[in-house]
Amino acid sequence: MIITLTGPNSFGLKRELDGLVRAFLAQHSDTGDMGLERVEGDEAEADRISEALTSLPFLAAKKLVVLRNAGANKKFVEGSEKLLSGVPDTTDVLIVEPKLDKRSGYYKYLKKATDYREFNELDVNGLARWAAGEAKAAGGSLGPADARFLVERAGANQQLLANELDKLLLYQPDVTRDIIELLTEPIPQSTVFELLEAAFAGNARRALLLYQEQRMLKVEPLAIIAMLAWQLHVLALIKTAGNRTPETIAKEAKVSPYVIKKSLGAARSLTLPHLKMLIADLLDIDTRLKSESLDADEALQNYLLRLAGD
């Protein structure tokens, strides 16, 4: 059995990998971990990889080889089809390739000849469904609306979401919005988006309130500038993308689809010249903060007021 694990969703990939390794060790518990062999393919010599894949198990009836990043090993890739087709029945292989060049023959062979499992980043709806499913599997509950609220509050990082969900379920199996608000803090990136969204909508009062919340969370002005710059960068990607779909924009720019989709509304409210002006104004604040005495909070709040049209 040869399984390929790939894709940008590192959380999903790692969870699958860990589960497969645990299942193998449980099935062959009589030999402990004698049958488990891990090889870093981008560091090991091709001969070392070949030996791991073709040699018989030592003091075990079966062995599992976890082969990581072998696609970076040119010599291995050149002989991979012949080598992998000759793996004995006594050996199972987990090929871990987070980034595969889908134009390559190596990718095409893995896709055709192995149990190919690709783990892509989840959008907000996918993350909400996943969180609700995790809660149910743990014996708790999390409704669809509350699951979406958790994602929007805690962000799209699946590992961080998993940590937050574990904490919530320990406190109370039935997770509600009130419990989420009580036990979690909005991540700065999420709040900065809300801050920009409020400003673009002309809601100066809410934008300033969200700015103050950031400062109470001890987020420094330069960090807020950096996050604002990132969000403006995302808006620029969308404004210059032509007729590309959000999924295509995300893939080409190597940005989470969740981030792109969440920014579409704000992008529609802006013209490209206006966006360029906002970027230039933020750059000016950043430059002045680093070169002269300037009240950072006052400068940023005035910037937000200009965004809101006040």
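## Notebook: sheet, helices and a few loops

**Entry 1: Asn 69**

I began with Asn 69, which has a relative accessibility of 26% and so counts as partly exposed. The cut-offs I needed here are under 20% for buried and over 50% for exposed. A reminder to myself: this is a predicted model. Next I looked up where Asn 69 sits, and found it in the loop that links strand 3 to helix 3. I noted its backbone too: phi of Asn 69 is near 55°, a positive value in a residue other than glycine.

**Entry 2: Lys 254**

I then turned to a second residue with a positive phi. Lys 254 is not a glycine, yet its phi is about 55°. I located Lys 254 in the loop between helix 12 (246-253) and helix 13 (257-268). Is Lys 254 buried or exposed? Its relative accessibility is 76%, so I put it down as exposed.

In what order do its five strands lie? I read 2-3-4-1-5 for this open sheet, with parallel pairing. The edges are taken by strand 2 and strand 5 (115-118); each has a single partner strand, so one side of each has no neighbour in the sheet. I also noted the twist, which averages 15° from one strand to the next.

I checked strand 1 (residues 2-6) against strand 4 and found them parallel, joined by five bridges. One pair I wrote down is Thr 4, whose bridge partner in strand 4 is Ile 95. Helix 2 packs on this sheet, where it touches strand 2, strand 3 and strand 4, and its direction makes about 160° with that of strand 2.

I wanted to know how enclosed strand 3 (residues 63-68) is. Five of its six residues are buried, so the rest of the structure largely encloses this strand.

On one pairing, strand 2 (residues 36-40) and strand 3 run in the parallel sense and share five bridges. Here I found Leu 36 opposite Leu 64 of strand 3. I followed the chain from strand 2 through helix 2 (residues 46-54) to strand 3, and this β-α-β crossover is right-handed.

On the other pairing, strand 3 meets strand 4 (residues 91-97) in parallel, with six bridges between them. Lys 63 has Thr 91 as its bridge partner in strand 4. I traced the chain again, now from strand 3 through helix 3 (residues 74-85) to strand 4, and this β-α-β crossover is right-handed as well.

**Entry 3: helix 2 with helix 3**

The axes of helix 2 and helix 3 come within 10 Å and cross at roughly 20°. I therefore list helix 2 as roughly parallel to helix 3, the cut-off for that being an angle under 35 degrees. Their crossing is right-handed. From helix 2, the contact is made by Ala 46, Ile 49, Ser 50, Leu 53 and Thr 54, and from helix 3 by Lys 75, Phe 76, Leu 83 and Leu 84.

**Entry 4: helix 11 with helix 15**

Helix 11 (residues 221-239) and helix 15 (residues 296-308) have axes that come within 10 Å and cross at roughly 25°. That angle makes helix 11 roughly parallel to helix 15. This crossing is left-handed. I listed the residues in contact: Pro 221, Ile 224, Ile 225, Leu 228 and Leu 232 from helix 11, with Ala 296, Asp 297, Leu 300 and Tyr 303 from helix 15.

Asn 120 lies in the loop between strand 5 and helix 5. Its relative accessible area is 43%, so I marked Asn 120 as partly exposed. Which residues does Asn 120 touch, not counting residues up to four places away in sequence? I found Pro 8 and Asn 9. Asn 120 and Pro 8 are 112 residues apart in sequence, yet 5.5 Å apart in space, C-alpha to C-alpha.

Arg 129 belongs to helix 5 (residues 124-137). With 60% relative accessibility, Arg 129 counts as exposed. I also noted the distance to Gly 143: 14 residues in sequence and 9.2 Å in space from C-alpha to C-alpha of Arg 129.

Terms used. Residues numbered from 1 in each chain as written. Predicted model: local features only at pLDDT ≥ 70, side-chain atom pairs only at ≥ 80, totals over all residues. Heavy atoms only, no water. Buried < 20%, exposed > 50% of the residue type's maximum accessible area, 1.4 Å probe, protein only. Helix = DSSP H or I, 4+ residues; strand = E, 2+ residues; numbered from the N terminus. Pairing = 2+ DSSP bridges. Right-handed = clockwise from strand over helix to strand, strands pointing away. Axes fitted to C-alpha atoms, helices over the stretch in contact; angles between N-to-C directions. Parallel < 35°, antiparallel > 145°, perpendicular 65-115°, else oblique. Left-handed = near helix turned anticlockwise from the far one by under 90°. Contact = heavy atoms within 4.5 Å.
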